[in-house]
Amino acid sequence: MGSGVEMTGCGKFVRFLMFAINFIIWSGSIAILVLGIWTVADRPYLEKLLGSEMYMTAAYILIGTGCVIFFVSFLGCFGALREVKCMLLTYFIIVLLLFIILLIGGILGYVFKDKAKTTVRNAMVVAIKEYRTDEDSPFTEAWDETQQAMKCCAITNQNEWAKNPEFSMSDKKVPKSCCRKDGTAGELMDCQRNPGEDNSYTEGCFSKAIDFVERHALIVGGVGIAVAVIMVLGLLLSIILFKMID
């Protein structure tokens, strides 16, 4: 189902441009897929401390979106080369829907940014009270991994561990994961009893977690905006090419 007549030089240029734009979108879809996989693999323990499944859900949405864009960009490339009107029309509809989803997602992300910080802080306040050293707990694992990986302690300062009955009723003021791991067993015990700048992490985990999420969101958002802008070009070119095909 191609064109009945030979395309003019202008038509060939539009077709080539359509192919080039969709090749860039295809490359962008791979970048989105990689970002999604990176989000799943990097800092998965933060999900429990963030207070919702939003972190991992966003990662799976990225992976799903990347797969859809990968398919759609192929559809646009093939439709442009073969001059198939139904494929170009399908391409236009799907890309328009994806663009609207990306736009709404970006707006909601901006609107709820400050609310998300409050949610994270409240979740960490709850999680710090659920920390237990004598039993397997997802909160214990999340706190230990977060504090060691991000080199931080508690929410904003070490004194917040006193809110946990396990530390308020013993001579230990912080868990082992707040201590630097370059000392002996005796030094580690001393760190738990007398934590300070020389033997433990003093910066809170809340600011570090928020900084990490915001940096991550900035990278993801930048790639998403770039792909969305290129999608607009793809939409315009698909309309032009659609009308050029007899």
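Colleague: Why does Trp26 count as partly exposed?

Modeller: Its relative accessibility is 29%, and partly exposed covers what falls between buried (under 20% relative accessible area) and exposed (over 50%), using a 1.4 Å probe and protein chains only. Phe70, at 35%, is partly exposed as well. Do keep in mind that this is a predicted model, where local features need pLDDT of at least 70, side-chain atom pairs count only at pLDDT 80 or more, and totals for chains, interfaces and linings use all residues. Residues are numbered from 1 along each chain as its sequence is written, and side-chain values use heavy atoms, without hydrogens or water.

Colleague: Happy with that! How many aromatic pairs does the structure hold?

Modeller: Six. Rings of Phe, Tyr and Trp (its six-membered ring) pair if their centres lie within 6.5 Å; planes under 30 degrees apart are stacked, over 60 edge-to-face, and the rest tilted.

Colleague: What makes the pair of Trp26 and Phe70 tilted?

Modeller: The ring centres are 5.6 Å apart and the planes stand at 45 degrees, so the pair is tilted.

Colleague: And why is the pair of Tyr131 and Trp161 called edge-to-face?

Modeller: There the planes are 70 degrees apart, with 5.0 Å centre to centre. Both Tyr131 and Trp161 are buried. Ring pairs also link Tyr131, Trp143, Trp161 and Phe167 into a cluster.

Colleague: How do you know that Arg121 lies over the face of Phe206?

Modeller: Arg121 is at 4.2 Å from the ring centre; the rule asks for NZ of Lys or CZ of Arg within 6 Å of the ring centre and within 35 degrees of the ring normal.
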